[in-house]
Amino acid sequence: MRTLTKWTVSEYHNLIQKGILDHKRVELLDGELVEMAPESPLHRTVMDKGNDYLRSLLHGKAGVYEGHPITLTNSEPEPDIVVVQLPKSQYSERHPNASEIFLLIEVAKSTLSSDLSDKKNLYQKEGIKEYWVIDLVNNQLHIFKDLINAQYRSMTIYTEGNVIPNAFPNLEISVAKLLN
């Protein structure tokens, strides 16, 4: 049996700085370099609309990043949407970490299975308090929250209505505006 080389976040950053990963769409997941799926026009459109919508709702309350890295213990994924603590200036020299993330969202079509299993497991293990998956295959929003002992205790699927993120109990987010 072969053993793959595991990379640390520091080693991954070194590869990036040396230009070794230029022109490669990869992210570091549990110490492994994983090729990212190509982005479809639908994926980009839903991600753009979702980011614009969340920025309008969260202006002055949180930062909203689109497709940028976050730094975890042995991973540096590039989630589609990340809602982070302010001020954004604290991220000028580093990426946000799990303790600074209010909400993380992946937009999924070809990666749906992985986003609902591997990425969910990674994010809960790392302490991401709330994780949503915009499911383009079934036009649904999967919400994982109530993190206790590195496990999401609640999973709900929405096709309509409004949802309230744990970090912002006075904020209603339209499922339709995220899905369409």
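**Exercise 1.** Determine how far apart the closest N and O atoms of Glu32 and Lys6 are, and where the two residues lie in the chain.

*Solution.* Glu32 and Lys6 form a salt bridge whose closest N and O atoms are 3.1 Å apart, where a salt bridge is a side-chain nitrogen of Lys or Arg within 4 Å of a carboxyl oxygen of Asp or Glu. The pair links distant parts of the chain, with Glu32 in strand β2 (residues 32–35) and Lys6 in the segment before α1 (9–17), 26 residues apart; helices (H or I, at least four residues) and strands (E, at least two) are DSSP runs, numbered from the N terminus. Glu32 is partly exposed at 31% relative accessibility, and Lys6 is also partly exposed, at 47%, given that buried means under 20% relative accessible area, exposed over 50%, and partly exposed in between (1.4 Å probe, protein chains only).

The model is predicted, so that local features need pLDDT of at least 70 and side-chain atom pairs count only at pLDDT 80 or more, whereas totals for chains, interfaces and linings use all residues. Residues are numbered from 1 along each chain as its sequence is written, and side-chain values use heavy atoms, with hydrogens and water left out.

**Exercise 2.** Decide whether Lys119 and Glu27, which form a salt bridge, are buried or exposed, and find which network they belong to.

*Solution.* The closest N and O atoms of Lys119 and Glu27 are 3.0 Å apart. Because Lys119 lies in helix α4 (residues 118–126) and Glu27 in strand β1 (residues 26–29), the pair ties together parts that are 92 residues apart in sequence. Lys119 counts as buried at 8% relative accessibility, and Glu27 counts as buried at 6%. A further salt bridge joins Asp30 to Lys125, with closest N and O atoms 2.8 Å apart; here Asp30 sits in the loop between β1 and β2 and Lys125 in helix α4, 95 residues apart. Asp30 is partly exposed at 36%, as is Lys125 at 49%. Finally, salt bridges that share partners join Glu27, Glu106 and Lys119 into one network, and the structure holds five salt bridges.

**Exercise 3.** Describe the largest pocket by its volume and by the residues closest to its centre.

*Solution.* The volume of the largest pocket is about 520 Å³. A pocket is, on a 1 Å grid over the protein atoms alone, an open set of points where a 1.4 Å probe fits, with protein on both sides within 12 Å along at least five of seven lines, and lining residues have an atom within 4 Å of a point; grid points are joined across faces, edges and corners, and the volume is the space filled by probe spheres set on the points. The pocket is lined by 28 residues, and those closest to its centre are Glu27, Met36, Ala37, Thr111 and Lys119. By class, the lining divides into nine nonpolar, six polar and 13 charged residues (Ala, Val, Leu, Ile, Met, Phe, Trp, Tyr, Cys and Pro count as nonpolar, Asp, Glu, Lys and Arg as charged, and the others, Gly among them, as polar).

**Exercise 4.** Classify the aromatic pair of Phe102 and Phe168 by its geometry.

*Solution.* Rings of Phe, Tyr and Trp (its six-membered ring) pair if their centres lie within 6.5 Å, and planes under 30 degrees apart count as stacked, over 60 as edge-to-face and the rest as tilted. For Phe102 and Phe168, the values are 5.0 Å centre to centre and 70 degrees between the planes, an edge-to-face pair. Phe102 is partly exposed at 21% relative accessibility, whereas Phe168 is buried at 12%.
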